[in-house]
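Please look at the sequence and the 3D structure below before reading on. The briefing after them is grouped by topic.

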Amino acid sequence: MRTGRSLTFKEYLNLGDDGTDNRYELVRGELTALLPESGFNDAIANYLFLRLVNAGIPFQLIRPHTCELQVPVMRQGDPLNRFPDLVVLREEHLLLTQKRLTITLDMPPPQLVVEVISPGESNRERDLIRKRAQYCQRAIPEYWLIDPELETVIVLQLGSAQYVEIGLFRGSDRIYSPTFPSLSLTAEDLLGSGTAD
């Protein structure tokens with residue numbers, strides 16, 4: 001989608017559907033199309049969706065790959081919006097996002113955001129540093145980083161001014177979520193869900 005001019009976030013939200021399944025990040029007023037998710041990342045997010053539902057979280061609150069978050073720009077080149085691999089909404093978001101599944105800065109933050117780190121140094125830097133800073137500033141209380149390359153799951157909880165690591169989980173370690181303590185899931189279960197048998 002090309003607009004030929006620099007857009008504000010409000011103008012971006014008012015753009016019509018371009019007739020494609022494309023998702024866009026708004027960077028310095030310009031639309032940047034996102035690449036489609038890999039099958040591996042998609043499988044992990046969908047498996048986590050199922051496990052969260054089994055833990056008693058209403059399925060309407062869990063959004064793999066479809067929820068857009070407006071985020072503050074922390075460094076030059078950061079987009080004004082992100083599409084996490086999985087988001088767990090709050091009840092009030094159901095009404096607030098009926099027209100568009102975008103959580104804007106004037107809305108409460110979601111309960112949980114999960115990113116599956118894609119291969120490549122720039123992707124790692126984006127997920128581990130840049131998104132982390134934006135999600136922290138957005139006051140998202142819990143952030144997971146699923147790292148298929150290192151075969152780890154890092155759970156972060158928002159402290160007074162930054163994220164605090166709750167745990168680094170691998171293998172048969174049970175992942176502990178402060179927000180969803182009833183979740184019963186190991187790192188190897190989650191990471192193995194993205195591979196074909």
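Predicted model: local features only at pLDDT ≥ 70, side-chain atom pairs only at ≥ 80, totals over all residues.

Residues are numbered from 1 along each chain as its sequence is written, and side-chain values use heavy atoms, with hydrogens and water left out. The secondary structure comes to five helices and eleven strands. Helices (H or I, at least four residues) and strands (E, at least two) are DSSP runs, numbered from the N terminus.

**The chain as a whole**

- The radius of gyration, taken over C-alpha atoms, is 16 Å, which agrees with the value near 16 Å for a compact globule of 197 residues. The globule rule behind this is 2.2 Å times the number of residues to the power 0.38.
- The C-alpha trace spans about 50 × 35 × 35 Å along its principal axes.
- Of the 197 residues, 46% are buried. Buried means under 20% relative accessible area, exposed means over 50%, and partly exposed is in between, with a 1.4 Å probe and protein chains only.
- Among contacts with a separation of 6 or more, 53% are between residues 24 or more positions apart. A contact means heavy atoms within 4.5 Å.
- The accessible surface comes to about 10,100 Å², and carbon and sulfur atoms hold 51% of that. Accessible areas come from the Shrake-Rupley method with a 1.4 Å probe.
- There are 20 positive and 27 negative side chains, and the centres of the two sets lie 6 Å apart. Lys and Arg count as positive and Asp and Glu as negative, while His and the chain ends are not counted. The place of a charge is taken as NZ of Lys, CZ of Arg, CG of Asp or CD of Glu.

- Three strands form an open sheet in the order 5-4-7, with mixed pairing. Strand 5 (81-82) and strand 7 (102-103) each have a single partner strand, so one side of each is left without a neighbour in the sheet.
- Two strands pair if DSSP finds at least two bridges between them. Strand 4 (residues 68-70) and strand 7 run parallel and are joined by two bridges.
- Leu-69 stands opposite Ile-103 of strand 7.
- Arg-82 lies in strand 5 and is buried, with a relative accessible area of 2%.
- Not counting residues up to four places away in sequence, Arg-82 touches several residues, including Glu-25, Glu-68, Leu-69 and Tyr-135.
- The C-alpha atoms of Arg-82 and Arg-23 are 9.7 Å apart, and the two residues are 59 apart in sequence.

**Strands 1 and 2**

- Strand 1 (residues 24-27) and strand 2 (residues 30-33) run antiparallel and are joined by four bridges. Val-27 has Glu-30 as its bridge partner in strand 2.
- Strand 1 is covered on both faces: Tyr-24 and Leu-26 on one side are buried, as are Glu-25 and Val-27 on the other.
- The hairpin of these strands has two residues between them, and in it Arg-28 takes a positive phi near 50°.

**Strands 8 and 9**

- Strand 8 (residues 112-116) runs parallel to strand 9, with four bridges between them. Val-114 has Trp-144 as its bridge partner in strand 9.
- In strand 9, six of six residues are buried. Glu-142, Trp-144 and Ile-146 point one way, and Tyr-143, Leu-145 and Asp-147 point the other way.
- In a regular strand the side chains alternate between the two faces of the sheet.

- His-65 is in the loop between strand 3 (62-64) and strand 4, and has a positive phi near 65°. At 9% relative accessibility, His-65 is buried.
- Glu-151 is in the loop between strand 9 (142-147) and strand 10 (152-158), with a positive phi near 55°. Glu-151 is exposed, at 54% relative accessible area.
- Glu-165 lies in strand 11 (residues 163-169) and is partly exposed, at 46%.
- Glu-165 touches Ile-154, Val-155 and Leu-156, not counting residues up to four places away in sequence.
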